[in-house]
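Here is a short briefing on one protein structure.

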Amino acid sequence: MRTVAVLGGGIGGLAASYYLCKSPHVSKVVILESSSRFGGWLWSTRRSDGAVFEHGPRGIRPAGAVGRNTLNMVDELGLAGEILPVTYSHVASKNRFLYVNKQLHRMPSGISGLVQTVPPFSRPLLLSVAPEMLVKKGKKEDESIHSFVSRRFGKELADIAIDSLCRGVFAGDCRKLSVRSCFPVLYNAEQHRGSVTLGMLLGTGPNPVIPPGPLSQRSIKESWAQWSLSRGMESLPESITEFLEQSGRVQLHREAAVQHISPSASGWTIHLEDGVMLADHIISALPAKALSSVLPLSCQPLIQQLQDISTVTVAVVNLEYEGSILPVTGFGHLVPSSEDQGLLGVVYDSVPFPEHNRPNGQTTRVTVMMGGAWFQEVFGVPEAVTDECLLARATDAVQCHLGVTTEPSWARVCLHRDCIPQYYQGHFRRVESMRSFIKEKNLPLSLIGSSYDGVSVNDVIFSGRTAVKELLGTGVNTHLMA
């Protein structure tokens with residue numbers, strides 16, 4: 001394998017390049033990024049007074065094979081000293097809220113939360129969980145998250161808790177999203193054990209084997225629920241970029257939008273604005289629709305399926321207030337669609353990561369998330385929405401939900417267009433079909449990134465690793481993944 005081109009310099013493309021770089025079987029890697037920066041949605045503002053604000057993901061979970069994999073990478077990059085862990089005993093882990101009927105409600109937790117009736121729920125959660133073990137296994141090969149949870153745990157839990165959770169994780173509508181693709185753990189628990197509860201207790205089948213490195217071992221020992229980095233999450237793509245530049249085997253190109261790719265004798269000809277390049281293999285970390293627009297017409301079935309993957313737009317508004325203004329302490333609160341379609345939730349950033357506050361003087365940082373699957377319905381077309389409108393809506397939410405009467409001392413509005421792919425029912429079949437087409441046609445092409453196998457940072461990094469492992473064959477696994 002002489003030259004591998006990686007399309008897209010977000011965290012997926014950078015991760016794939018990182019794993020390629022660790023193998024002696026690839027002589028050259030070329031990353032083509034259309035924008036002026038690497039890192040994609042991992043984007044932090046570092047203010048000169050020391051405050052840090054996240055415009056994308058703000059906390060990464062260490063759990064599971066994909067969580068261990070990311071921590072191993074962080075360790076290898078020399079970032080262990082910059083880790084900001086949040087343990088399960090931390091108030092941000094224990095206290096999460098829902099905003100229902102114009103009130104904040106702490107999500108039930110612990111044994112008392114199971115056996116007592118805790119608003120906004122009308123009965124103890126135990127009465128929803130206990131009978132679940134007796135519910136018959138579903139017969140469909142896929143179903144919406146709302147349908148799955150309603151069937152197994154009851155409509156109230158689906159309408160309030162799961163609706164809110166899907167808005168927080170996917171900025172999406174649980175009545176359309178696929179349980180099989182969005183929450184494979186729940187789907188597999190029912191398939192393997194006949195019950196989600198039993199699946200959680202007994203396990204849901206084999207998982208990828210990722211040995212925990214020193215940092216991952218520390219996360220288990222110290223019981224981390226999530227982690228960030230002292231200079232913000234953007235430190236991760238920055239460190240990978242630096243590693244790739246120093247390797248001497250990777251060419252990194254910013255503002256290098258791919259216009260078109262066409263098959264060539266050795267693999268692909270990649271047409272750029274200012275010339276062409278040849279590659280033996282392409283790893284595409286582009287969003288599905290972006291890839292569909294550069295593929296040759298001979299890939300028409302693949303083009304159509306890529307275009308069928310929807311995305312949503314999310315407005316992220318970072319706010320800083322002077323003093324301590326929160327009426328409650330916790331990670332933040334989510335808002336079900338029945339309460340306010342446009343307002344997805346508010347993260348109390350200063351609670352899990354006080355290290356990101358400016359060092360001098362007490363301040364409170366919060367982030368308001370808006371839009372998602374409801375963006376157009378509530379705000380209109382993204383092109384026409386003003387920052388002023390979004391800022392007003394965000395500060396109004398902080399005032400109404402948290403009782404904050406002062407104005408923020410600092411604010412930043414970011415409109416992330418098409419930032420989260422939506423895995424609607426049947427998504428797994430679509431992805432299966434795309435990869436079958438690539439295999440049948442023997443195309444030197446790998447699909448990675450958030451459009452296919454999971455939208456979390458961990459999932460996207462792992463998709464890069466998986467693609468490289470498949471490309472280079474099992475013979476180099478031990479070397480590559482050591």
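A salt bridge here is a side-chain nitrogen of Lys or Arg within 4 Å of a carboxyl oxygen of Asp or Glu. Across the whole structure, the search finds 22 salt bridges. This is a predicted model, in which local features need pLDDT of at least 70, side-chain atom pairs count only at pLDDT 80 or more, and totals for chains, interfaces and linings use all residues. Residues are numbered from 1 along each chain as its sequence is written, and side-chain values use heavy atoms, with hydrogens and water left out.

Two further conventions apply. Helices (H or I, at least four residues) and strands (E, at least two) are DSSP runs, numbered from the N terminus. Buried means under 20% relative accessible area, exposed over 50%, and partly exposed in between (1.4 Å probe, protein chains only).

- Side chains of opposite charge can pair when their charged atoms come close.
- D280 and R2 form a salt bridge, with N to O at 3.2 Å. This pair links distant parts of the chain, 278 residues apart. D280 sits in the loop between strand 12 (275–279) and strand 13 (281–284), and R2 in the segment before strand 1 (3–7).
- R152 belongs to helix 6 (residues 145–153), and E132 to the loop between helix 5 (126–129) and helix 6. They are 20 residues apart. Both R152 and E132 are buried.
- R429 and E141 meet in a salt bridge of 2.8 Å, N to O. R429 is in helix 17 (residues 427–440) and E141 in the loop between helix 5 and helix 6, so the bridge ties together parts 288 residues apart in sequence.
- R429 is partly exposed at 40% relative accessibility, and E141 is partly exposed at 39%.
- Shared partners join E132, E143, R151, R152 and E190 into one salt-bridge network.

- Two strands pair if DSSP finds at least two bridges between them.
- Strand 1 and strand 13 run parallel, joined by 4 bridges. V4 stands opposite H281 of strand 13.
- Strand 13 and strand 19 (residues 445–447) also run parallel, joined by 3 bridges. S284 has L447 of strand 19 as its bridge partner.

- Axes are lines fitted to C-alpha atoms, for helices over the stretch in contact, and angles run from 0 to 180 degrees between N-to-C directions.
- Strand 15 (residues 332–334) and strand 16 (residues 343–347) pair antiparallel over 3 bridges. H333 has V346 in strand 16 as its bridge partner.

**Two buried sites**

- Contact means heavy atoms within 4.5 Å.
- G8 lies in the loop between strand 1 and helix 1 (11–21) and is buried at 7% relative accessible area. Leaving out residues up to four places away in sequence, G8 touches G13, I31, L32, E33, A285 and L286.
- G8 and S35 are 27 residues apart in sequence and 9.1 Å apart in space, C-alpha to C-alpha.
- S463 lies in helix 18 (residues 457–472) and is buried at 8% relative accessible area. With residues up to four places away in sequence not counted, S463 touches I448, G449 and D453.

**Helix 6 against helix 7**

- The axes of helix 6 and helix 7 (residues 155–170) come within 8 Å and cross at roughly 145°.
- I145, H146, V149, S150 and F153 of helix 6 meet K155, L157, A158, D159, I162 and C166 of helix 7.
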